[in-house]
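Biologist: Could you take me through the reading of a few local features, giving the general idea before each case?

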Amino acid sequence: QVQLVESGGGLVQAGGSLRLSCAASGRTFNSYDMAWFRQAPGKERVVLAAVRWTGRITYYTDSVKGPFTVSRDNAKNTVYLQMNSLKPEDTAVYYCAARFGLDAGDYDRRRSSEYNYWGQGTQVTVSS
């Protein structure tokens with residue numbers, strides 16, 4: 001079991017930056033694949049970025065490649081999403097998600113059903 005708590009959301013002007021954090025409970029954080037999703041009003045929840053339990057393999061959806069960076073600090077049981085050059089269309093609730101990844105093999109990072117654990121979400125609002 002792992003519990004996830006996101007933080008770092010807020011209101012930012014277009015072109016600004018935010019760093020989201022997702023703190024995980026438990027002593028086996030370094031065994032979990034982690035991901036960031038977002039859900040805008042009236043839209044589906046979509047994956048933004050993911051990082052495997054090893055920390056060596058990352059994934060980005062095309063729309064955020066470059067401006068967004070995912071990273072993890074296993075010593076702090078935390079995964080981060082650095083978001084630069086934010087646009088109004090980035091306004092959404094941002095969620096982190098986890099799945100047990102140790103020796104689990106590869107998986108489809110884009111599918112929300114692959115992840116067993118979810119945070120409560122943090123609101124990001126980008127003003128124009």
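Biologist: Does R52 count as buried or exposed?

Modeller: This is a predicted model, in which local features need pLDDT of at least 70, side-chain atom pairs count only at pLDDT 80 or more, and totals for chains, interfaces and linings use all residues. Residues are numbered from 1 along each chain as its sequence is written, and side-chain values use heavy atoms, with hydrogens and water left out. Buried means under 20% relative accessible area, exposed over 50%, and partly exposed in between, with a 1.4 Å probe and protein chains only. R52 counts as buried because its relative accessibility is 8%.

Biologist: Which backbone oxygen does the side chain of R52 reach?

Modeller: A polar contact is a pair of N or O atoms within 3.5 Å; within protein, one must be able to donate a hydrogen and the other to accept it, and residues adjacent in sequence count only if both atoms are side-chain atoms. Here the R52 side chain reaches the backbone oxygen of G105 at 2.9 Å.

Biologist: Which residues is E114 in contact with, leaving aside its neighbours within four places in sequence?

Modeller: Contact means heavy atoms within 4.5 Å. With those neighbours set aside, E114 is in contact with R99, Y107 and D108, and E114 itself is partly exposed, at a relative accessible area of 22%.
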